[in-house]
Amino acid sequence: IPVPDVVSQAESATAALQDVDDDLSSDQATATVESQLPVLTGEINSRLDEDSKLLTPNASLETLRALESDWRKTGDTLSGWGRDLTARAVQLDKQRERLDQLLQTWTQTLGPAESSGAPPEIVQRVQSVIADATQTRDLLEQRRAQVLTLQNRVAQQQARVGGALSSIAQARDAALDRLFVRDSPPVWSAEVRARTGQSLVEQSRNSFSTQARALAAYAARQGVSFVIHALVFVVLLAALYRARRRVCARADEEGDLRHAARVFELPVAVAVVLSAVAAVWIYPQPPRIWWAILGAAALVPTAILLRRLVERHLLPVLSALVVFYFIDLLRSAAASIQLVSRLLFLAEMLGGILFFAWLAWARLPQVPEAERNRLWKTIKVGTRAALAVFAASLVANALGYVNFAKLLGSGALGSAYIAVILYAVVRIVDGVIMFALRVRPLASLGAVREHRALVGRRICAVLHWAATLLWLIYTLELFSLRAPLFGAVRAVLAASLTVGSLSLSLGNVIAFCLIVWAAFLLSRFIRFLLEEDVYTRVHLAPGLPYAISTMLHYAILLLGFFAAVAALGFDMTKFTILAGAFGVGLGFGLQNIVNNFVSGIIVLFERPVKVGDAIQMNYAAGVVKRIGIRASVVHMEDGSDIIVPNGKLISDNVTNWSLSIPQREIDVRVSVAKDTEPRRVLDILKAAAEHHPQVTKDPAPQALLVEFDADALKFELRAWTNHFEEWARIRSDLTLSINEALAEEHVAVK
């Protein structure tokens with residue numbers, strides 16, 4: 001660096017070094033990993049200790065599925081840390097290269113500055129920059145070494161997680177292979193009695209101690225998640241308490257809100273249920289015991305809430321499910337103690353058989369016929385299915401087919417638990433939706449005001465279908481059928497049919513149909529919103545809203561069609577060639593259809609004829625009801641509808657009675673005797689028109705003497721009306737009034 005530039009370059013170098021120092025001191029990613037990794041390592045140690053007791057040849061698929069889910073979430077966390085550390089290491093390497101270059105530049109500057117007789121302050125400034133750069137580089141090297149060390153430790157934990165997942169996968173494959181093989185001695189065998197005498201207390205203490213350590217380590221690592229969960233609960237509780245007063249007040253006025261008001265009568269229970277559902281996204285990779293605690297916290301208020309929402313004959317089902325769930329909690333906590341877990345499962349299945357037998361043959365038949373709705377029928381079918389599953393599970397467990405028994409029994413119970421919780425959530429959300437549609441901001445929408453019941457039904461229907469789909473997927477997972485079923489479905493959808501260069505698969509065809517269907521739904525929804533909330537708030541020329549909606553409909557369908565063709569797997573370049581050839585074919589064979597289509601677009605844009613206009617052609621006269629893609633519909637006065645090709649509206653002469661002004665002239669001709677006073681007749685005609693309520697004042701009606709001959713005087717009344725669709729009736733009314741007035745005045749009509 002030349003001596004004259006040392007000062008300015010030194011300022012730039014100092015600023016660059018300060019940026020590096022700030023970056024090193026604010027390295028949150030590395031600090032997070034450094035503080036969380038020891039805690040996560042302790043948690044992994046506890047889980048591996050617990051897994052060593054669970055991963056036995058008799059491990060159930062239910063236990064293996066829960067373990068695999070926990071380890072995968074832990075692996076995802078470690079992978080995220082590894083990516084952060086790798087990105088940080090790359091960034092530090094780049095900063096080190098820049099510091100090395102800066103040090104080299106200023107070191108080479110120091111010698112010439114000293115030898116050229118530069119002022120001492122300049123030499124000191126150069127030395128100061130070199131010292132600062134050296135210190136910053138030392139700090140960077142320390143941080144780089146720290147990052148690399150953490151990378152190695154994270155990789156070691158990832159290897160441990162990978163090993164655990166591999167062991168679980170092997171155990172799962174082995175469990176599936178021997179699913180129908182006896183894996184334990186019969187419950188009445190001497191071997192089981194011998195195990196009963198072993199120290200189960202010590203095994204239980206060790207198991208619970210290990211799980212407690214894992215939970216404590218998790219709480220230390222994810223303390224923020226507990227705070228977030230508490231805040232979510234408090235916010236929901238406050239919102240529900242506030243909404244309860246308004247809902248109860250409205251429920252007294254609107255009867256259809258009384259059912260929704262029941263949801264808000266128990267704000268604490270509702271807040272617990274909703275916050276427990278939100279816990280799925282709040283807590284990353286929690287230990288099994290925490291899921292058990294959350295499940296208990298959710299199921300009890302769910303049962304309390306549903307007692308207010310379901311029929312009385314279904315209350316025993318809720319109570320029984322709560323009891324079963326708490327037995328499952330004990331069995332889950334004692335999963336590493338195989339004998340205790342097996343005996344608890346036997347007791348649970350026996351209790352389930354007795355309960356569902358009583359429910360099927362004693363309780364449900366007593367329900368009156370008027371109360372046997374769809375839910376009652378579902379419970380009836382589910383009760384008999386559960387009875388069969390519990391009986392099969394009890395027999396299989398007693399005979400020694402423990403894995404198969406747990407797959408059946410745990411799957412049925414888990415499916416019932418998630419069904420109850422989802423049912424409660426759906427009922428809660430239904431109530432919230434019914435209330436939300438009656439308050440701002442939704443209540444200010446025209447679509448909601450005019451179609452509140454329809455909007456509520458559609459939203460609730462979507463919610464119900466989503467809950468059913470979620471329940472089905474979860475149930476398939478409980479029975480270990482989701483992966484093979486989804487694999488088979490993917491294989492079927494991927495099967496392709498090749499014809500020449502064209503290859504189609506069932507999945508592509510289904511995607512094509514779904515995209516086209518979605519385009520129709522999207523177009524319908526957007527046009528509904530425009531008609532209910534946009535067109536009513538802005539002033540548009542007559543017929544323009546219909547033209548906008550129609551063109552938007554065509555545009556959405558066209559875009560949807562192209563998206564569907566792309567999803568079908570067509571090469572768009574080939575499609576362009578095909579479209580060109582198709583266009584040539586249109587020119588020869590479908591000229592009339594294309595003409596009508598283009599004419600329809602011209603009519604929509606130019607709007608010589610609009611929906612609602614009263615038109616008259618040489619063979620039709622009526623009101624335009626719809627302008628379609630090929631033809632328009634004209635509603636005749638006799639009640640019939642005429643389909644008019646759009647080309648006729650462009651090429652033929654069309655009389656539009658409401659194009660410029662929405663008025664129609666009505667002519668009434670009268671002939672009277674030659675000796676009648678003309679002005680007297682003119683006054684009678686004008687008076688008859690002025691007294692008719694549907695005749696306009698502007699322009700005013702006119703009475704004219706249009707012709708006379710030797711025998712008669714001929715008059716004409718010209719009147720206008722804004723009710724052009726009723727011109728025939730108005731003309732008849734005027735004719736009758738004129739006839740009566742002439743008769744009263746003793747005027748002879750010729």
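Which backbone oxygen does the side chain of Ser-393 reach? The side chain of Ser-393 reaches the backbone oxygen of Ala-405, at 2.7 Å. The legends below describe a predicted model, in which local features need pLDDT of at least 70 and side-chain atom pairs count only at pLDDT 80 or more, while totals for chains, interfaces and linings use all residues. Residues are numbered from 1 along each chain as its sequence is written, and side-chain values use heavy atoms, with hydrogens and water left out.

View 1. Ser-393 sits in helix H13, which covers residues 374-399; helices (H or I, at least four residues) and strands (E, at least two) are DSSP runs, numbered from the N terminus. Ser-393 is buried, because its relative accessible area is 0% (buried means under 20% relative accessible area, exposed over 50%, and partly exposed in between, with a 1.4 Å probe and protein chains only). Leaving out residues up to four places away in sequence, Ser-393 touches Phe-345, Met-349, Ala-405, Leu-408 and Gly-409, where contact means heavy atoms within 4.5 Å.

View 2. Three strands form an open sheet in the order E8-E10-E9, with antiparallel pairing; two strands pair if DSSP finds at least two bridges between them. Strand E8 (664-673) and strand E9 (702-708) stand at the edges, and each has a single partner strand, so one side of each is left without a neighbour in the sheet. Neighbouring strands of this sheet are turned by 25° against each other on average, direction ignored. Ten antiparallel bridges pair E8 with strand E10 (residues 712-721), and Ile-666 has Ala-719 in E10 as its bridge partner. Helix H24 (residues 727-744) packs on the sheet, where it touches E8 and E10, and its direction makes about 25° with that of E8. Helix H23 (residues 678-690) lies across E8, E9 and E10 and runs at about 25° to E10 (axes are lines fitted to C-alpha atoms, for helices over the stretch in contact, and angles run from 0 to 180 degrees between N-to-C directions).

**View 3. Val-747 and its contacts.** Val-747 lies in the segment after H24, and it counts as buried because its relative accessibility is 8%. Leaving aside neighbours within four places in sequence, Val-747 is in contact with Val-672, Thr-676, Arg-680, Val-681 and Leu-742. Val-747 and Val-681 are 66 residues apart along the chain, and their C-alpha atoms are separated by 8.3 Å.

**View 4. The salt bridge between Arg-143 and Asp-27.** Side chains of opposite charge can pair when their charged atoms come close. Arg-143 forms a salt bridge with Asp-27, with the closest N and O atoms 3.5 Å apart (a salt bridge is a side-chain nitrogen of Lys or Arg within 4 Å of a carboxyl oxygen of Asp or Glu). This pair links distant parts of the chain, for Arg-143 is in helix H4 (residues 120-177) and Asp-27 is in the loop between helix H1 (6-25) and helix H2 (28-54), 116 residues apart. Arg-143 is partly exposed, with a relative accessible area of 21%, whereas Asp-27 counts as buried at 8% relative accessibility.

**View 5. The salt bridge between Glu-716 and Arg-718.** The side chains of Glu-716 and Arg-718 meet in a salt bridge, at 2.4 Å from N to O. Glu-716 is buried, with a relative accessible area of 3%, while Arg-718 counts as partly exposed at 30% relative accessibility.

Conventions:
A polar contact is a pair of N or O atoms within 3.5 Å; within protein, one must be able to donate a hydrogen and the other to accept it, and residues adjacent in sequence count only if both atoms are side-chain atoms.
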